[in-house]
Amino acid sequence: MADERVTDEQPAAGHRGERPDPADNDAPAAEAVARALSSPLRMRILRLCAFDARTNKELAELLDLNPGTVLHHVRTLVDVDMLAPQEPRTGRRGAKEIPYKATGRSWHSRVPGMSIVLLETMRQQLAGVDPDEVATTWMGLRLNAAHKAELDQRLYGLIQEFKERGPDPDGDAWSLVTVLHPDRNPAGPPA
């Protein structure tokens, strides 16, 4: 899990060499993707469009932001194929509205320093959430390379298994973040 991958929905194929991002071999495209995914607000927009197509107005209401601000971010995500416009629909007042749906492409995108953006995105999403509704686990591990690789593979496999199931029609929305990082906790002297 050393390369940093992000997800705008339940994870699609992932960082274990499945489907590469087309931007990987195109420096300007990769740079545009990295810029687009460097914003916690854009990450939140992707999450909101993961299962349901949403209009700019709906996104602005959910994020409690000005629709003009949100539109700028939506266009940025559309430009790098992270959001795809869906069939236009008629809004409450008869105006044409374009809903957008996340493409899942972010799962395949390598973004340097993405962990900081994801942690900030998570912090923003937790604002106002009842702390008793948040389950957290934090533990220290000391693993050799083989066991670290096994943990990476099993965590990825579990996430992939749930992704492949697809969303439950009667399900509630949840967000899953796992953070596995080197710990500055060197081994002490032998006992």
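The 13 residues of helix α4 should span 18 Å at 1.5 Å a residue, and because its end C-alpha atoms are 18 Å apart, the helix agrees with that expectation. This value, like the others in this report, comes from a predicted model.

The buried residues of α4 are V70, H73, V74, T76 and L77. They cover an arc of only 160 degrees around the axis, which puts them on the same side of α4. On the face turned away from that buried side, α4 carries the exposed residues R75 and D79.

**Helix α3**

Helix α3, which comprises residues 56–63, has N56, L59, A60 and L63 as buried residues. Seen down the axis of α3, these buried residues fall within an arc of 100 degrees, so they line one face of the helix. After α3 comes D64, whose phi is positive, near 55 degrees.

**Helix α5**

Helix α5 (residues 114–126) has 13 residues and reaches 18 Å from its first C-alpha to its last, close to the 18 Å expected at 1.5 Å a residue. Its buried residues are M114, V117 and T121. They cover an arc of only 60 degrees around the axis, which puts them on the same side of α5. Among the elements that cover the buried residues of α5 is α2 (40–48). The residue that follows α5 is G128, with a positive phi near 85 degrees.

| α3 | N56, L59, A60, L63 | 100 degrees |

I116, L119, V177 and V179 make a nonpolar surface patch of about 350 Å². Of these residues, V177 lies in the segment after α6 (145–165), and because its relative accessibility is 41%, V177 counts as partly exposed, a class that lies between buried, under 20%, and exposed, over 50%.

Note on methods
Residues are numbered from 1 along each chain as its sequence is written. This is a predicted model: local features need pLDDT of at least 70, side-chain atom pairs count only at pLDDT 80 or more; totals for chains, interfaces and linings use all residues. Side-chain values use heavy atoms; hydrogens and water are left out. Helices (H or I, at least four residues) and strands (E, at least two) are DSSP runs, numbered from the N terminus. The expected span of a helix is 1.5 Å times one less than its number of residues. Buried means under 20% relative accessible area, exposed over 50%, partly exposed in between (1.4 Å probe, protein chains only). The arc is that of the directions from the helix axis to the C-beta atoms. Contact means heavy atoms within 4.5 Å. Patches are made of residues with over 30% relative accessible area and no salt bridge: like charges are joined within 9 Å, nonpolar side chains (Val, Leu, Ile, Met, Phe, Trp, Tyr) within 5 Å. Accessible areas come from the Shrake-Rupley method with a 1.4 Å probe; for residues, only the protein chains shown count as cover. A salt bridge is a side-chain nitrogen of Lys or Arg within 4 Å of a carboxyl oxygen of Asp or Glu.
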